[in-house]
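Take a look at the model below. This report walks through its two ligand sites.

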Amino acid sequence: MFEFRLQAQCPVTGARAGEFVTPHGVIKTPVFMPVGTQATVKAMAPFELEEIGAQIILSNTYHLYLRPGADIVEEAGGLHSFMDWHHPILTDSGGFQVFSLATLNRVTDEGVECQSHIDGSRHMMDPEWSMEVQQKLGSDIAMCFDQCLHYPTTKEEAETALARTTRWARRSKDAHTREDQALFGIIQGSVYEDLRRRSAEDITSIGFPGYGIGGLSVGEPHHIMYEMLDVLQHVMPFDKPRYLMGVGHPSNLVEGVARGVDMFDCVLPTRNGRTGTVFVSTGRINIKNQVYARDFTPLDPSCDCYVCRHFTKAYIRHLYKAGEILAARLCSWHNLHFLIKLMEGVRESILNGTFPAFRKNFIEVFHGEGD
Ligand SMILES: Cc1cccc2c(=O)nc(N)[nH]c12
Ligand SMILES: [Zn+2]
């Protein structure tokens with residue numbers, strides 16, 4: 001269990017294709033993981049995610065602990081039963097969320113004293129708390145409790161957070177006993193190459209079945225993200241999955257794969273779906289634009305998803321203008337399909353030795369970057 005089988009690697013770039021074995025199924029990588037923060041990928045039912053080809057989804061320790069409570073999820077038989085998703089699930093540790101959502105009262109090496117963003121209740125969140133909650137939730141992959149800093153940050157702050165993250169990684173591993181759940185370490189170090197190397201050495205020397213790359217996609221320019229990945233791909237274990245947390249835009253996924261990343265997650269496809277921003281093969285469009293009022297073509301003529309086979313831009317624009325719930329559902333559906341199929345195409349190109357051409361063509365055709 002939790003074996004990572006490398007199946008192919010690109011001789012020109014750092015791209016690789018593999019399989020990660022979990023109790024709820026084998027994950028074919030590279031893979032995009034839809035985010036289901038509160039035990040649901042917003043606006044999507046599990047059977048629809050299966051239809052789209054989602055292999056694994058995320059949920060969040062911080063959110064589910066605060067609501068409905070880890071005990072309720074445990075009494076339901078764990079997350080898979082609670083949400084009726086019987087494929088792999090990864091839970092984030094709460095480290096990132098507590099720093100970005102909660103009111104922070106005190107942050108020490110012991111942990112984070114904070115107040116809930118929901119009802120102001122007071123909590124102590126630390127590695128032991130995170131492991132207890134994730135083991136109750138019963139995800140297939142749990143993450144270490146870490147400290148993620150925003151961008152920009154000083155090198156001194158980054159060094160302090162890196163050392164704390166290492167100490168918290170040890171405490172996470174010591175507190176983690178559930179054998180049918182993998183615990184991934186998380187590498188920090190902000191945008192400093194030497195700190196990234198140090199964190200990678202610290203965390204991989206503790207030893208985990210897989211590794212998250214944290215502290216990126218927090219506001220830094222894309223080229224700096226890529227520079228950090230260029231460093232990390234040579235200092236991370238070859239035979240363990242690498243998970244770039246919170247990423248990202250379609251081009252970030254392709255460029256991340258080229259630098260040896262195997263797993264990605266991001267709220268973009270569903271968050272954009274709710275605002276009408278849609279990925280198409282040439283970039284991005286916003287369906288609310290007046291130009292689509294009488295456009296009776298699919299969102300993306302080159303897409304074969306349910307939405308593009310049944311509905312037109314004009315219809316979906318109407319739904320948005322009318323405030324209909326189906327608008328967000330259809331655009332989320334298409335955006336998730338876009339990223340999942342993009343990763344399937346990337347994986348296929350690595351397996352058949354054409355990834356450099358795939359990457360070159362994608363960069364030439366797709367102009368959808370932005371914020
Ligand atoms: C979800 C996410 C995005 C981006 C960065 C991070 C991070 O550094 N640490 C954790 N635990 N989660 C992250
Ligand atoms: Zn589509």
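## The metal site

The zinc ion (ligand 2) has a tetrahedral site, with angles of 101 to 116° among its four donor atoms. Four donors count as tetrahedral if all angles lie between 85 and 135 degrees. Donors are N, O and S atoms within 2.8 Å of the metal (3.2 Å for Na, K and Ca).

C303 (SG), C305 (SG), C308 (SG) and H334 (ND1) coordinate the zinc ion at 2.1 to 2.3 Å. Along the chain, these donors follow the spacing C-x1-C-x2-C-x25-H.

## How to read the model

This is a predicted model: local features need pLDDT of at least 70, side-chain atom pairs count only at pLDDT 80 or more, and totals for chains, interfaces and linings use all residues. Residues are numbered from 1 along each chain as written, chains are lettered from A and ligands numbered from 1 in written order, and side-chain values use heavy atoms, without hydrogens and water.

## Around ligand 1

Which residues come nearest to ligand 1? Of the 13 around it, they are D92, D146, Q188, G214 and G215. A residue is near if one of its heavy atoms lies within 4 Å.

Polar contacts are pairs of N or O atoms within 3.5 Å. A nitrogen atom of ligand 1 is 2.8 Å from a side-chain N or O atom of D92. For D146, the side-chain distance to a ligand nitrogen is 2.7 Å.

Definitions and conventions:
Polar contact = N/O pair within 3.5 Å; in protein donor to acceptor, adjacent residues only side chain to side chain. Tetrahedral: all angles 85-135°; square planar, octahedral: opposite > 155°, others 65-115°.
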